[in-house]
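Please take a moment with the sequence and the model shown here before reading on.

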Amino acid sequence: MSLLKNGHIVGEDAFQLVADDATVPASGAVLITYARWQAEKDQLSGRNSPLGISLPNNLDVLDFGPEAERFDLIVLSFPKFSDGRAYSQARLLRERFGYKGELRATGHVLQDQLWHMQRSGFDAFEIPREDAAEAFAKASRSFTNVYQPTGDGRVSALKQRLAAARKKEAAE
Amino acid sequence: MYQYDEIDQTMVDERVAQFRDQVARRLTGEISEDEFKPLRLQNGLYLQLHAYMLRIAIPYGTLSSHQLRGLAQIGCKYDRGWGHFTTRQNLQYNWIKLEDTADALADLAKIQMHAIQTSGNCIRNTTTDQFAGAAHDEIEDPRVWCEIIRQWSTFHPEFSFLPRKFKIAVTGSPNDRAAVRVHDIGLRMHKNAAGEVGFEVIVGGGLGRTPFIGKTIRDFLPKQDLLSYLEAILRVYNQFGRRDNIYKARIKILVHELGIDTVREKVEAEWQATKDGALKLPQEAIDQIAAQFAPPPYEKLQGGINADYANAFRTDFEFGLWARRNTFKHKQPGYSIVTISLKKEGEAPGDAKAEQMNAVADIADRYSFGEIRVTHEQNLVLPHVRQADLPAVFKALKAYDLATPNVGLASDIIACPGLDYCALANARSIPVAQQIALRFKNWERAHDVGELKIKISGCINACGHHHVGHIGILGVDKAGEEFYQLTLGGSADDQAAIGDLIGPSLNATDTVDAIDTLVETYLRIRKDSDERFLDTYRRVGLAPFKEAVYVAA
C-alpha cells in the first residue's frame with residue numbers, strides 16, 4: 001500500500017488510526033471514525049494535536065460540513081470503485097464548506113479514477129501498488145482541458161473560449 | 001452545425017490514447033476484467049452474444065454528410081458493411097473485434113465523433129427532437145442546449161460513477177418528439193408569462209422494468225441556470241440514489257420512494273447554494289454555442305405549395321404517398337423536412353448498409369445543406385429540403401430502397417436488437433417486427449390504419465420502448481420458449497402514458513395475428529378515419545380489444 005500526497009509517495013502516514021474501542025492518545029496526529037467523533041465530540045474538540053476523521057460514504061455531508069475545518073485530515077472511502085458517492089462528498093467539503101486540509105481517498109482507488117478524484121478535490125490517495133506515483137503522474141496528464149468547472153481551479157472550455165473571444169474583441 | 005475547436009479535438013484524441021492504454025493494460029492483465037468493464041463501457045464497448053458491439057454517440061442525432069460517410073467507411077473497415085441506428089439516436093456496430101476498437105475510435109475522432117459515455121453509469125448522450133432547428137412548431141433550437149449539456153457532462157468528475165445510467169432529453173417544441181417524459185431528466189422549452197424562454201424540468205421518467213412518467217420538479221428554469229440545476233439534481237441522485245439493487249438504482253425509483261416534493265426540496269436547497277456560482281451561463285457563452293447552430297443559407301422562397309411539388313403530388317401516385325407520410329412542415333417557407341424510413345418491410349429496423357449511408361450523404365449534400373439527423377424512432381432525416389426538390393429526392397432515395405412511405409405507420413416499428421444479438425434478451429424482436437411489417441405491406445390498408453406506433457423489446461429492459469408504444473410488445477421467456485406480452489395505449493409524446501397489459505402472453509405467430517386482430521378491431525370501432533388507434537383506445541379502453549384477441553384465440 002502506498003500513500004500518495006500531492007503526487008509523491010509518503011513513507012509513513014503521520015496519522016495514527018485509532019480503533020473505536022482503543023484509547024485516543026493524548027498527543028500525536030490521530031485518525032478517528034465519524035462514529036467516535038459523534039460520541040466523544042466534547043472530549044476530542046479540545047485536543048491540541050492534529051485530528052483526522054474518516055467519513056462513511058453514505059453520510060449526508062451537509063450535516064458534517066460545518067465541522068470540517070476542525071480537522072486536518074478527512075478520509076473518504078470508495079468501497080468499490082463503481083460507488084461514486086465520495087466524489088460528491090469531496091466537492092461539497094472543498095467547495096461548499098471551504099475545507100483546506102488533506103482530503104484522502106481510500107478503498108478501491110484505481111489509476112483510472114485518479115483523474116476524477118483530483119478534479120473533485122482529493123489531494124491524497126491510498127493506492128495498493130508500488131508504482132503509485134507513476135500511475136498518478138500519468139492519470140493527471142489524462143486531459144489537457146476540462147469541460148466543467150470544479151474547485152480544482154482549472155478553467156472550463158466554455159470560459160476559455162469566452163476569454164479568447166473577449167480578448168479578440170478587445171484587440172479589434 | 002457544431003464544429004469541434006482545438007479543445008474538443010484534443011479531448012477526443014486524448015480519450016483515444018487513454019483507451020488504447022487501458023486496452024493494453026487489460027491485455028497484459030494489469031487490470032482485471034471487472035476493472036476494465038466500466039472503462040470499456042464508458043467507451044461504448046459491450047460484449048454481446050457473438051462479438052463486441054461498439055456504440056457510437058451521435059450527439060442529439062445531428063450528423064454532417066462527411067460524418068455519415070465516415071461512419072459508412074468505419075462500418076466497412078471494422079464491421080460487415082452495416083450500421084444500426086438506435087432509439088438513442090446513436091449508431092451501433094455489431095461485429096467489432098476488441099483489438100480493433102482503439103483504431104476504430106481513432107478513425108471516429110478524425111470525423112469529430114466518439115463513443116464517450118455511450119454506456120456505463122454516467123450521463124449518456126443527450127437526445128432531442130430530430131426536427132430541431134427546422135420544425136415549424138419549435139420555440140427555439142434545442143440543440144444549443146444539448147451541446148451545452150454534452151460539454152458539461154463529458155468526463156464529469158463527480159458523475160462518472162452514478163448509481164445507474166442517466167439520460168437527458170430536450171424538446172424545443174410543445175409537440176414532444178423527444179419523449180422527454182420518459183427520461184431521467186426531460187427538459188421542455190417554453191415561454192413564461194413574461195415571454196421569456198426557459199425550461200420545464202421533468203425528473204424521474206423512464207422505461208425498463210419499472211416504467212414511470214416523469215414528474216415536473218420545476219415549472220420554469222431560466223436558461224442561464226440550466227447547468228447548475230442539472231448539477232444539483234445529479235448531486236442529490238449521486239448521494240441518495242439506491243446502490244443496493246441495480247433494478248432500483250435509477251433516479252425514477254428515488255423520486256418514487258422519496259416523493260417528488262422531498263426530491264424537489266433537496267434539489268432546490270442544493271441549487272440555491274450553487275446557482276450564482278461558476279456554472280451560471282453568461283449570455284455571451286450561450287450565444288457562442290448558438291452561433292454554431294445558425295440556420296443554413298436558405299433561398300428566399302415563396303410560402304404556400306410549390307407548383308412542381310403539387311404537380312408531382314397529383315401525377316405520381318407513389319410520390320404522393322411518400323410525401324404525405326414522410327415529410328414534415330419546415331419553419332422556412334418553401335422548405336420541407338424529409339424522414340427517410342429505415343423500416344422497409346423485411347429489413348431489421350434501424351439497419352443501414354454502407355452504400356445506403358453514402359447515398360444519404362450524397363443526397364444531403366445536394367439537397368439538404370449536407371445535414372442529416374437520426375431519429376429516436378430509428379429513421380434518418382434530411383432537415384432542409386426545398387419543396388421543389390422533393391420529387392428528385394424521392395427518386396434518389398428510392399434507388400437505394402430508402403423511400404418506404406411508412407413513417408408513423410404500423411410498419412414503422414421500433415425494435416431492439418433482441419435475441420439475435422443481445423446477451424440480455426429473452427426473445428427475438430427483429431423477426432417479429434419483420435413479420436408485422438409484412439402484414440402492412442399493402443399501402444392501402446397501412447395508410448387507412450394511419451398513425452400506429454408499434455414498439456418491440458426483447459426483454460424487460462425495454463430498449464424497444466414497448467411501454468410507450470400504441471401497441472407495445474415485450475419478449476418474455478416462458479419455459480425456454482419465446483413469448484410476447486402485449487400492451488395498449490402507451491405514448492411517449494406530450495401526453496405520455498405507459499401502456500396497459502392486455503392479457504396472457506402469446507407465442508410469436510399468435511402475436512403477429514393478434515396485431516392484425518387489434519388493427520381490425522380498431523378499424524371496426526373507430527369513429528372516423530381521423531380518430532387514430534391511440535385515440536380510439538383512449539375512448540373505449542381495453543375491453544373490446546382484449547375480447548377480440550383472446551376470444552378469437
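In chain B, 21 residues of domain 1 of chain B are in contact with 20 residues of domain 3 of chain B, where contact means that the C-beta atoms of two residues, placed from the backbone, lie within 7 Å. This is a predicted model, in which local features need pLDDT of at least 70 and side-chain atom pairs count only at pLDDT 80 or more, while totals for chains, interfaces and linings use all residues. Residues are numbered from 1 along each chain as its sequence is written, and chains are lettered from A and ligands numbered from 1 in the order in which they are written.

The domain assignment of chain B gives domain 1 (6-110), domain 2 (134-291), domain 3 (307-398) and domain 4 (414-552), with bounds that come from an automatic or database domain assignment. The centres of domain 1 of chain B and domain 3 of chain B, taken over C-alpha atoms, are separated by 29 Å. On the side of domain 1 of chain B that touches domain 3 of chain B, strand 3 (62-64), helix 3 (65-78) and strand 4 (82-85) of chain B each supply at least two residues; helices (H or I, at least four residues) and strands (E, at least two) are DSSP runs, numbered from the N terminus. Helix 3 of chain B gives the largest share of that side, seven residues.

Within chain B, helix 1 (residues 6-27) and helix 4 (residues 101-110) pack at an angle of about 180 degrees, with their axes 9 Å apart; axes are lines fitted to C-alpha atoms, for helices over the stretch in contact, and angles run from 0 to 180 degrees between N-to-C directions. Helix 1 of chain B is therefore roughly antiparallel to helix 4 of chain B, a term for angles over 145 degrees.

Methods: Angles under 35 degrees count as roughly parallel, over 145 as roughly antiparallel, 65 to 115 as roughly perpendicular and the rest as oblique.
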